[in-house]
Amino acid sequence: MTESPVPTQAVLTDRYEVGDFFDEMFTSAGEPRSHYRRLHELLSEMTAEAFNESRSNADISFLYQGITFTVYSQHEQGIERIFPFDLIPRIIPGSEWSLLERGLSQRVTALNQFLFDIYHDQRIIKDKVIPADLIFGARNFRREMIGINVPKNVYAHITGTDLVRDDKGNYFVLEDNLRSPSGVSYMLENRQAMKRTFAGLFQRYGVRAVEHYPQELLNTLRSVAPHDNPDPNVVLLTPGIYNSAYFEHAFLGRQMGIEIVEGRDLVVHDNRVYTRTTKGLKPVDVIYRRIDDDFIDPLSFKNDSLLGCAGLLNAFRAGNVTLANAIGTGVADDKAVYAYVPAMIRYYLSEEPILHNVPTYLGMHENECDYIVNNLHQLVVKSVNESGGYGMLVGPHSSQAERERFRDLVKADPRNFVAQPIVRLSRHPTYQNGELYGCHVDLRPYILCGENVRIVPGGLTRVALRSGSLVVNSSQGGGSKDTWVLSD
Amino acid sequence: MLSRVADALYWMSRYVERAEDITRILTVNFHTLLDAKTEDAQAWEPIINITGDEDLFRRHFDDFNARNVSEFLLWHPANPNAVTTCITHARENGRGVREQISSEMWEHLNRLYFLVKDIKREISARGPYEFFDKIRHGSQAFQGITNETMTHGEAYEFIQIGKHLERADKTVRIIDVKYASVNQLREGPESSLQLIAMLRSCSAFEAFRKAHLSQLQPARVAEFLLFNQQFPRAVAYCLQRALRSVALMSEDAKHPTGPHRSLGRICSELDYVDINEVLGVNMRPYLNRLLNIMNQAGDEITRTYFHTQVILPAEYPPRQQQTQQQQ
């Protein structure tokens with residue numbers, strides 16, 4: 001700690017500014033919300049000194065346990081950093097959670113039906129609910145998948161949906177991540193760190209557990225084994241130790257007690273996948289893969305990929321191995337296809353969406369494209385296939401030159417861009433550098449889908465630590481905090 | 001177990017052991033020098049000989065003195081066997097098999113890594129001895145933690161093989177260099193000092209004393225370090241242990257595997273050699289032979305367990321035994 005705050009000063013003082021946002025802890029009048037009351041009391045009593053000490057202990061234990069992520073495109077290649085962790089938890093009342101739970105499960109069910117449909121009869125296109133060129137022009141639409149059946153018709157086994165709240169506190173879906181979403185290990189490790197620090201508070205609060213996530217994930221993976229194999233060999237496929245999420249791969253592999261393999265550990269023979277072991281070859285049934293479609297099989301996709309395994313797609317098409325998530329799920333988290341998810345829910349489930357989308361303008365529609373290029377200063381513009389906060393423009397925070405560049409980009413390839421109005425993201429008190437201030441947050445729960453849909457009560461709350469910043473991604477200076485779902 | 005994983009465990013363990021051995025050799029030399037009258041170069045050149053990196057050293061330094069040798073062995077970027085490099089490699093290997101080793105082991109490996117990362121600052125702040133102690137304790141603690149927190153299954157055995165082969169290799173090299181210099185001396189205080197240094201370099205001084213009481217002679221010391229079956233750094237002990245691990249793994253094989261055969265052979269030889277056959281001028285050729293056999297055993301291990309060819313299950317006809325290795 002470089003700061004030396006006055007020792008007797010409490011963490012939470014009346015200097016905290018709620019600001020002109022929805023604050024998760026305080027009402028606009030500055031009163032703590034009822035589900036935050038006990039935490040509020042604690043923070044008003046705890047001295048900054050004691051708090052700092054717990055905080056640096058948590059930092060050190062993260063470093064020693066190797067809970068780090070790697071940052072690319074820096075001068076030093078692949079520096080390791082601790083994913084900044086904020087000790088003040090985000091709290092969600094039980095009633096609010098059950099709404100989210102229903103909304104997410106509805107959404108994931110519809111998305112899976114959509115994926116089944118577009119890789120089979122394409123009814124949704126024939127019925128003109130979604131334009132054909134949007135699907136066939138999507139970069140992550142995989143023709144190789146057409147007509148292929150996957151166990152239980154599930155494509156997206158693991159989904160990490162990003163939720164945000166606006167200035168009224170309403171929840172919106174910001175994006176659906178159906179291509180191996182990451183971050184769940186932070187949800188679990190943050191909880192461990194919090195339990196060490198605030199043991200007493202947990203009991204009094206009735207926080208619902210998240211520790212069973214790895215078991216739920218394993219159950220999900222086992223339930224989708226090919227040929228209903230009751231005792232499948234499940235492995236986790238990682239790009240390797242230089243991947244920024246490798247820590248997470250190893251963590252989940254260990255928690256589930258499954259082998260983590262790299263492409264070079266796999267070999268395909270007669271459309272069957274095997275691992276190379278010290279005692280010869282061992283058959284594999286389910287692959288929880290943390291590699292993008294593009295890299296998974298050099299015979300079918302990028303032919304210079306060293307990360308995948310030659311012949312894997314054929315083994316998959318032959319139904320001898322399950323890939324989680326399936327190949328081709330990326331088409332559903334295309335940011336332009338996202339705009340149609342509410343329509344999917346109505347089309348497949350005949351229900352009204354419980355969770356709403358952020359209003360989205362599509363570059364592919366001429367009039368919306370005009371609106372985008374003329375209003376860049378008040379929109380967030382996103383490239384449809386990028387993730388991790390790359391390839392986006394935050395209008396109000398951008399320079400004239402950046403806006404010019406994006407105007408040209410959008411005009412050159414309108415299909416590739418969408419724009420959304422700025423959501424005045426909710427804020428949460430966050431303690432950094434001896435100071436308690438409001439930071440913008442989002443929430444990523446993890447939705448598991450096998451035989452049925454399961455959601456562990458909690459998720460990863462990401463924090464934009466840079467004061468005023470709206471980007472919460474770990475690669476862009478974001479941090480995280482523990483998320484408590486209460487059992488009331 | 002995955003071949004890649006076995007490979008990483010084996011090397012993780014070898015590198016930790018290597019870092020410890022190099023540190024101990026350095027420490028002992030510093031201590032010995034406090035009592036000796038030898039010139040700097042005479043005292044430090046043999047240390048580089050032990051590691052077998054003379055050519056590399058000469059390419060970067062002119063003089064064999066305490067400063068250069070320490071820098072070379074501790075952190076010089078050109079030296080692939082420098083302590084910092086060893087620990088970094090050990091950690092990289094451990095990282096690749098994070099789910100195979102216990103969290104305690106991984107945490108400890110990280111501690112070691114952060115310690116050597118700040119090596120220059122650590123040494124200037126606390127002096128070399130405290131730093132050396134930390135590395136040594138770190139490595140020993142790592143072996144202890146491994147022993148106590150990990151299932152003693154196949155993964156554990158690969159760690160043991162790596163450790164014991166590395167240790168045997170270093171002991172042989174220490175004997176080689178130190179025996180040569182003692183042999184030139186007449187029996188007297190100077191020779192005793194060198195013999196004590198030789199034993200201390202293998203943490204063997206006290207153990208030797210218990211076994212041989214007052215006979216501090218080159219022949220007895222060499223015999224102890226080569227053939228003792230109970231001392232954990234003696235060559236015979238290390239190779240016995242490596243053999244035991246390999247035998248455990250090939251239990252269900254019909255014939256002994258390559259590494260099993262080569263380790264078995266050398267172990268029986270060590271059982272029956274008389275120290276008098278290898279004293280004096282015979283020492284160096286014999287030690288070279290030992291090093292060669294150990295290298296062979298290492299290669300056999302790589303071939304047998306790490307670079308497995310694709311052996312198809314029996315139901316496939318043999319014509320399909322093409323190799324499908326991808327690197």
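This is a predicted model: local features need pLDDT of at least 70, side-chain atom pairs count only at pLDDT 80 or more; totals for chains, interfaces and linings use all residues.
Let me start with chain A, which has 14 helices and 23 strands, where helices (H or I, at least four residues) and strands (E, at least two) are DSSP runs numbered from the N terminus. The radius of gyration of chain A is 23 Å, close to the 23 Å that the globule rule gives for 488 residues, so chain A is as compact as a globular protein of that length; the radius is taken over C-alpha atoms, and the rule is 2.2 Å times the number of residues to the power 0.38. Along the principal axes, the C-alpha atoms of chain A fill a box of roughly 70 × 60 × 50 Å. Buried residues make up 47% of the 488 residues in chain A, and here a residue is buried if 20 or more other C-beta atoms lie within 10 Å of its own, exposed if 12 or fewer, and partly exposed in between, with C-beta atoms placed from the backbone.

Some residues in the loops of chain A deserve a moment. A:Gln122, in the loop between α3 (94-118) and α4 (123-126) of chain A, has a positive phi of about 55° although it is not a glycine. Is A:Gln122 buried or partly exposed? It is partly exposed, because 15 other C-beta atoms lie within 10 Å. A:Ser350, found in the loop between α12 and β13 (356-357) of chain A, also is not a glycine and has a positive phi, of about 50°, and with 7 other C-beta atoms within 10 Å A:Ser350 is exposed. A cis peptide bond, with omega about -5°, joins A:Ala324 and A:Asn325, and A:Asn325 has its place in the loop between β12 (322-324) and α12 (341-349) of chain A.

Now to chain B, which has 15 helices and 0 strands. With 327 residues, a compact globule would have a radius of gyration near 20 Å, and the 21 Å of chain B agrees with that. Buried residues make up 43% of the 327 residues in chain B. Among contacts in chain B between residues at least 6 apart in sequence, 65% join residues at least 24 apart, two residues being in contact if their C-beta atoms, placed from the backbone, lie within 7 Å.

How is chain B divided? It has domain 1 (1-150) and domain 2 (158-305), with bounds that come from an automatic or database domain assignment. Their centres, taken over C-alpha atoms, are separated by 21 Å, and the contact takes 22 residues from domain 1 of chain B and 19 residues from domain 2 of chain B. On the side of domain 1 that touches domain 2, α1(B) gives the most, with 15 residues. The residues of that side divide into 9 nonpolar, 7 polar and 6 charged, where Ala, Val, Leu, Ile, Met, Phe, Trp, Tyr, Cys and Pro count as nonpolar, Asp, Glu, Lys and Arg as charged, and the others, Gly among them, as polar.

Let us finish with helix packing. Two packed helices are described by the angle between their axes and the distance between the axes. In chain B, the axes of helix α9 (residues 154-183) and helix α10 (residues 189-201) come within 10 Å and cross at roughly 175°, which makes α9(B) roughly antiparallel to α10(B). Axes are lines fitted to C-alpha atoms, for helices over the stretch in contact, with angles running from 0 to 180 degrees between N-to-C directions; angles under 35 degrees count as roughly parallel, over 145 as roughly antiparallel, 65 to 115 as roughly perpendicular and the rest as oblique. The residues of this contact divide into 5 nonpolar, 4 polar and 1 charged, including B:Ile174 in α9(B) and B:Leu195 in α10(B).

Methods. Residues are numbered from 1 along each chain as its sequence is written. Chains are lettered from A and ligands numbered from 1 in the order in which they are written.
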